[in-house]
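Here is a note on the structure, point by point. Please read it with the model open beside you.

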There are 4 protein chains.
Amino acid sequence: MTAEKTGVWFLGARGSVATTATVGALALRARLIDPIGCVTELPPLRSPALPGWSDLVLGGHDLDTTPLPKKADALAAAGVLPARVATAVADELSAVEEELRPLPHAATQSQLVEAIEADLRSFRQRHSVERLVVVNVATTEPVPSWLPEHDDPSRLLHDPLPPSALAAYAAFRAGASYVDFTPSTGARLPALDALAHRVGVPYAGHDGKTGETLVKSVLAPMFALRALRVHSWSGLNLLGGGDGANLADPGANAAKVASKQRVLQDSLGYAPQGTSRIDYVPELGDFKTAWDLISFSGFMGTAMRMEFTWHGCDSALAAPLVLDLARITAAAHRAGRVGPLPELGFFFKDPLGDGPSDLSSQWDRLVTFVGTL
Amino acid sequence: MTAEKTGVWFLGARGSVATTATVGALALRARLIDPIGCVTELPPLRSPALPGWSDLVLGGHDLDTTPLPKKADALAAAGVLPARVATAVADELSAVEEELRPLPHAATQSQLVEAIEADLRSFRQRHSVERLVVVNVATTEPVPSWLPEHDDPSRLLHDPLPPSALAAYAAFRAGASYVDFTPSTGARLPALDALAHRVGVPYAGHDGKTGETLVKSVLAPMFALRALRVHSWSGLNLLGGGDGANLADPGANAAKVASKQRVLQDSLGYAPQGTSRIDYVPELGDFKTAWDLISFSGFMGTAMRMEFTWHGCDSALAAPLVLDLARITAAAHRAGRVGPLPELGFFFKDPLGDGPSDLSSQWDRLVTFVGTL
Amino acid sequence: MTAEKTGVWFLGARGSVATTATVGALALRARLIDPIGCVTELPPLRSPALPGWSDLVLGGHDLDTTPLPKKADALAAAGVLPARVATAVADELSAVEEELRPLPHAATQSQLVEAIEADLRSFRQRHSVERLVVVNVATTEPVPSWLPEHDDPSRLLHDPLPPSALAAYAAFRAGASYVDFTPSTGARLPALDALAHRVGVPYAGHDGKTGETLVKSVLAPMFALRALRVHSWSGLNLLGGGDGANLADPGANAAKVASKQRVLQDSLGYAPQGTSRIDYVPELGDFKTAWDLISFSGFMGTAMRMEFTWHGCDSALAAPLVLDLARITAAAHRAGRVGPLPELGFFFKDPLGDGPSDLSSQWDRLVTFVGTL
Amino acid sequence: MTAEKTGVWFLGARGSVATTATVGALALRARLIDPIGCVTELPPLRSPALPGWSDLVLGGHDLDTTPLPKKADALAAAGVLPARVATAVADELSAVEEELRPLPHAATQSQLVEAIEADLRSFRQRHSVERLVVVNVATTEPVPSWLPEHDDPSRLLHDPLPPSALAAYAAFRAGASYVDFTPSTGARLPALDALAHRVGVPYAGHDGKTGETLVKSVLAPMFALRALRVHSWSGLNLLGGGDGANLADPGANAAKVASKQRVLQDSLGYAPQGTSRIDYVPELGDFKTAWDLISFSGFMGTAMRMEFTWHGCDSALAAPLVLDLARITAAAHRAGRVGPLPELGFFFKDPLGDGPSDLSSQWDRLVTFVGTL
Ligand SMILES: NC(=O)c1ccc[n+]([C@@H]2O[C@H](COP(=O)([O-])OP(=O)(O)OC[C@H]3O[C@@H](n4cnc5c(N)ncnc54)[C@H](O)[C@@H]3O)[C@@H](O)[C@H]2O)c1
Ligand SMILES: NC(=O)c1ccc[n+]([C@@H]2O[C@H](COP(=O)([O-])OP(=O)(O)OC[C@H]3O[C@@H](n4cnc5c(N)ncnc54)[C@H](O)[C@@H]3O)[C@@H](O)[C@H]2O)c1
Ligand SMILES: NC(=O)c1ccc[n+]([C@@H]2O[C@H](COP(=O)([O-])OP(=O)(O)OC[C@H]3O[C@@H](n4cnc5c(N)ncnc54)[C@H](O)[C@@H]3O)[C@@H](O)[C@H]2O)c1
Ligand SMILES: NC(=O)c1ccc[n+]([C@@H]2O[C@H](COP(=O)([O-])OP(=O)(O)OC[C@H]3O[C@@H](n4cnc5c(N)ncnc54)[C@H](O)[C@@H]3O)[C@@H](O)[C@H]2O)c1
Ligand code: NA
Ligand code: NA
């Protein structure tokens, strides 16, 4: 696969996750950093089927116009990435800046889809990219009030669709695969699934699992495997940053909170009391603090408790996974996989399909999957 | 297996774990409680090969002479088990009391082994017990300064051995299997292993995994599977109760702390900085609080942290596992398994053999194992 | 003061706080317990001016009809108070039960006030009570949409008033002082204040300070005295129990959350980011867990953090303070104090008047005040 | 006091605390930063009696030879202070570098004291310094096995003394006041006290209160004022950095742990169970994490718990206090105060004299004291 180029097109290319992923991909290519956080570099997942760091070509859309180097400096100042690395890849970063496009404006949905598709095709051609992956790391959308339930792609645009679905539509029409790292709608519509199958491209999602839910995906199985009864599981997520600002919006917040609860029911077989809340605290910046309290009982009902605090940098957790997803999805595309990729549940809070919800089984499934590519 | 009786002989039969296990076994037999914490009651482990709750006959040794019913009342007052349950099984508990024996005194090691063996054989005969499991839940011994390394059972008693090894010796001579729920030496001597093979009995251990280490066995793999780099992992365990009092002794403390660290090296492939401490705080009684701080880094080295607090009742966590172990080991014995049972790593901090250290893989292995019985 | 009787009339007499206070008062009178949690028993507050435990006569109103002894048993089962103590004071508790009255029903507000007043007067007469304190420990009311702002008692009942204000009105008319341990309106109306002055009785409030806010009242001053800058202070309170069930109601929740934030602004001189949330988790029962995260900076802006978890039994914290308040308010009444008692800010989240908000200064003020009685 | 210069001579001038204090003092003089963490800038302590930031002249001794600017860069890289500020004061920092001296070597204790005294006198003369404060922020010394108990300065050097005492001796002989921010011996010898009185200089100490103990000094009084009974208070301090490395030494660790426990006994009137531990974890660098668990009971003995985690940057907490202490001690010297200054207990874990141990009373005492200068 040496000569082949793989394109990675970020929706939300100037956001924290995409910028961190971009700086990191450039640094990995230049061998400036160890691949901490990149699971595709762990021995069980290392595979010649995956495109190499040097084979990735980056581009993307955003509404915002802040130049990437400026965004990278801001992330360095906020402690998300080392200033030293941002400086070392400054030239390459400016080159990626040239590949970013403003999200097109258009009078109708059809024209918007066409304009996005045109940007994708032009990017592919410009760089002789063999395969293209569109990765959604744009702002989380509110839960839409209406979505089409039919499987007829030709009728898709008759009614208003959320931007993430329009982007998936454009991606499929351009022959690109699609990864949704957000809880937005994306490709999760029967008609888009039909289109992906017709075009012959895979897609993956939803909502990257990087903090509280990641921890839940190992702790909830622990309680289940030990036959302990979990009575309540309550959480509070405090975060600033762009994602936090957006989640202060009740609609987007609801989308997120729903993805966060699924793992408990799936792992335990019942839903304990309690909810997981998200609060926007600008002062906390790009670092998120989550606190969870779990009340449970043991033999003969004896009451016990566990609590944990997670203090993580969301973008530094998400960015390497975004690159992992791009590599694996491109390889799946090349290997002829079409439609949803439930084998990638390891990466997501709310995975497509009916796979296991515990991290360890998800890992086993992922290893098997990558082995077949 | 309906008609067959399985004997369970506790070393430390009047301790908190054994008393809780005894009350619980009687309550399960009488269908007074749900089997919370009993993993052998989870669907994947439920098996006709395991002795039923009504087929277990309980007995044991202890140095102490506090009557079981009085010990059960104290545990109820301390919140370890419900007074209601202790009252409901009072008659059966008095019956078990009749089966407890003082740990024999003897002038020499040989005589002590013979006296223990005699108690075990008499118990088997008295109850027409088909198979007997000796379960060590006695006080943790200090790390011994000297242990025999040869594999010749006939030379075993030439030099001083710790009590747990003498008990394993007696168990094997009486044709009983042996489970060590403590970090003490137990059957872990080449000559005892040779004897177990010669006699044809299995044995299992070491050191029940019920709190901080249980959590480590799912969190450490999480960091490993996500390619996150763990820099330090420090812990403090605060506990009162009999076990706590004993662990205030530096020798016993050292034995315990060593078992607690193994999982990190095994899961991560390297040993992060930090240690796990145990402090005795009598006021905390039978509830243990463990606090752990984990510092780690993500993409490009960004520093993050996680901490957790575990507030568990050790005896209520240990007791059902002790019963699970007795059931599984008896079934393994019946199925002709001989020597160490590394497939039981799920239960232990410091398992025999070279199995996986993450809880999920240990679970898979256990399920497979029980399926073969 | 030996011969004088002091009446304590609980609004919400069958609730958790009142029942715990009642059992405790009877146990103190019988010298069955140490006065843990009773600040009036600390040397600087011990005063012959305060009525003794044996001089208190208890009674009250409630909507509920569960007998006090039954409520006490439930609290014992939930671990709020020792079963042993409830049993020891069973007879005295049944005697108090005889003094409880259903909250009167009436066609109009005037008639309701008269009926309450009649119950109070009858209680005073029945027991030759010298001074009566009405203590509101009833369910927190939603924040009322409308409240009278004038100071004319004669016009008070022209428009609908919340029950706590009607009760304060009745108390004043009966010559009783009034303590509000809840965030409800109570005596906080200009016309009620005018009435208290006319009648010559004192009143105190609002909202007992027993958990998260208590901790805030010492930590916020610590940051202030050290010139550290607090950027955010976020909290989550998880609680079950009757109070928790009521706080699941958004109106009552809002009343409570507002009282909780005042201390930060007062201590720091500015309002840091973040809010304090309350979530109802029935499984947690009468124990409340609060978690707070404080982000702050030191010299040259270096970012730091503190977090705390408070796991307290609300009723066991509130009940002794309720008794302290009754003793002090009765003594203040006797000493001729009239109108609001801002000197009791030590006890409250949202104290009347403009006193200091740090616990230590509130203590100094309280000691001085009790010294003048 | 405008024209007068005040000298501040750091023992351990190249350490983290001293370097942070130096950078900060230069930044305050240049008005580059707000005085966060400087309590002498809070309105109740602002006083014309204190030397202004521009009147401070800095110098010091150290064993180490790393240049101050290099140390400042390392602290900036570690996140202790902002690189921007270090860069802005680079020239002034190099000027201070010129004032640092290697700790003299000498064949005898007398000669060492003379050499130190000579450095101090030369510094005073070089800068026409009116008053000089020697501030000990050197490495904590092990608890000495032997210390003189007599009050005769002339016999002081007959036997071996710890370096901190020799430095205090030299300071007094040079007419300088002395502040000990460490738990080392310093001026705490009867003969040194006699000398301070004879020479007419004040001294202060011991052991800056910046983290866990600071929090204890407000939480322990909270429990006391509420008549709650504290059963156990256990803590673990995890720290890297130079101070952490030194505290890995059992002798120094013991000195520190002892200072940390005093506040509980003093505030509560009894010593709860539990200890406070210090562990060295190099990876944690200059940030310290302390976790404390407090078990307590309320009314009728109901068991409750509190825990807190403090994640602070020690040097950023200590440095402004060190400057505050220098300013206040110089002003006290000028105002004719002689001998120990127990009024400065606000700053210390283990204050000289018999003052109050709660932070709030210590603050009141400090405000009164500064008002008299
Ligand atoms: N970081 C994590 O750990 C994590 C985990 C799961 C999901 N996510 C999701 O990833 C997304 C990105 O997070 P972030 O922290 O980078 O947020 P961010 O706010 O920093 O970046 C989002 C970017 O998307 C752009 N954008 C908005 N609408 C767009 C559109 N329609 N088309 C193209 N660009 C658009 C915005 O201008 C912004 O630059 C969010 O939806 C977040 O919820 C992140
Ligand atoms: N509870 C847990 O979660 C857990 C987990 C892992 C290991 N363990 C181990 O289980 C053991 C029991 O714990 P516990 O809390 O019941 O302790 P415990 O102190 O309550 O009981 C120990 C009992 O062993 C008796 N004993 C001491 N030496 C003996 C001997 N040589 N032969 C027979 N009896 C002897 C003692 O008299 C006592 O009754 C300890 O070794 C503990 O370390 C417990
Ligand atoms: N426990 C604490 O730490 C604490 C602290 C601050 C404030 N409070 C307040 O104290 C009050 C009591 O708390 P609780 O835990 O006992 O609650 P609870 O629900 O157990 O008891 C409240 C009682 O009030 C009764 N009631 C309702 N409306 C009434 C009315 N109009 N007149 C008379 N009785 C009425 C209810 O029937 C119930 O028995 C609540 O308002 C709570 O917010 C408690
Ligand atoms: N930072 C805090 O919050 C805090 C709080 C209380 C006490 N302290 C104490 O302050 C002191 C300094 O802490 P730090 O973090 O700067 O430590 P550090 O290790 O960074 O610096 C100590 C400096 O002292 C020097 N030194 C050692 N012995 C000396 C001697 N005899 N004379 C002169 N210099 C000597 C060392 O070379 C080093 O440069 C320690 O004793 C620490 O325990 C610090
Ligand atoms: Na915590
Ligand atoms: Na905590």
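1. Ala227(C) is a place to start: it is found in the loop between helix 8 and strand 7 (229-239) of chain C. Phi of Ala227(C) is near 60°, a positive value in a residue that is not glycine. With 13% relative accessibility, Ala227(C) counts as buried. The cut-offs for burial are under 20% relative accessible area for buried, over 50% for exposed, and partly exposed in between, with a 1.4 Å probe and protein chains only.

2. A word on how to read the model, which is predicted: local features need pLDDT of at least 70, side-chain atom pairs count only at pLDDT 80 or more, and totals for chains, interfaces and linings use all residues. Residues are numbered from 1 along each chain as its sequence is written, chains are lettered from A and ligands numbered from 1 in the order in which they are written, and side-chain values use heavy atoms, with hydrogens and water left out.

3. Arg31(A) also has a positive phi without being glycine, near 55°. Its loop runs between helix 1 (16-29) and strand 2 (56-62) of chain A. Is Arg31(A) buried or exposed? Arg31(A) is exposed, at a relative accessible area of 76%.

4. Cis peptide bonds deserve a check. In chain A, the bond from Gly205(A) to His206(A) is cis, with omega near 5°. His206(A) sits in the loop between strand 6 (202-205) and helix 8 (212-225) of chain A. In chain C, a cis peptide bond joins Gly205(C) and His206(C), and omega is about 5°. The loop that holds His206(C) is the one between strand 6 (202-205) and helix 8 (212-225) of chain C.

5. Next, the sodium ions. Which residues are the protein donors of the sodium ion (ligand 5)? They are Glu307(B) and Glu307(C), each through OE, lying 2.8 Å from the ion. Donors are N, O and S atoms within 2.8 Å of the metal (3.2 Å for Na, K and Ca), and sites may look incomplete as water is not among the atoms. Glu307(B) lies in strand 10 (residues 303-313) of chain B and Glu307(C) in strand 10 (residues 303-313) of chain C, so the pair joins two chains. Both Glu307(B) and Glu307(C) are buried.

6. The sodium ion (ligand 6) has Glu307(A) (OE) and Glu307(D) (OE) as its protein donors, lying 2.7 to 2.8 Å from it. This pair crosses between chains, from strand 10 (residues 303-313) of chain A, where Glu307(A) lies, to strand 10 (residues 303-313) of chain D, where Glu307(D) lies. Glu307(A) and Glu307(D) are buried. How far apart are the sodium ion (ligand 5) and the sodium ion (ligand 6)? The separation is 2.0 Å.

7. Ligand 2 is surrounded by 26 residues, and the closest are Val17(B), Asp62(B), Ala138(B), Thr140(B) and Thr210(B). A residue is near a molecule if one of its heavy atoms lies within 4 Å of it. An oxygen atom of ligand 2 lies 2.9 Å from a backbone N or O atom of Ser16(B). For a backbone N or O atom of Val17(B), the distance to an oxygen atom of the ligand is 2.8 Å. The side chain of Thr210(B) has an N or O atom 2.7 Å from an oxygen atom of ligand 2. On its own the ligand has 840 Å² of accessible area, and the protein covers 89% of that. Such areas come from the Shrake-Rupley method with a 1.4 Å probe.

8. Where does the shell around ligand 2 come from? Helix 1 (16-29), strand 2 (56-62), helix 9 (241-247) and helix 11 (314-334) of chain B each supply at least two residues. Domain 1 (6-207 + 316-371) and domain 2 (212-313) of chain B both give residues to this shell, so ligand 2 lies between them. The domain bounds come from an automatic or database domain assignment.

9. Ligand 4 has 26 residues around it, with Val17(D), Asp62(D), Ala138(D), Thr140(D) and Thr210(D) coming nearest. An N or O atom in the side chain of Asp62(D) is 2.6 Å from an oxygen atom of ligand 4. For the side chain of Thr140(D), the corresponding distance is 2.8 Å.

How values were computed:
Polar contact = N/O pair within 3.5 Å; in protein donor to acceptor, adjacent residues only side chain to side chain. Helix = DSSP H or I, 4+ residues; strand = E, 2+ residues; numbered from the N terminus.
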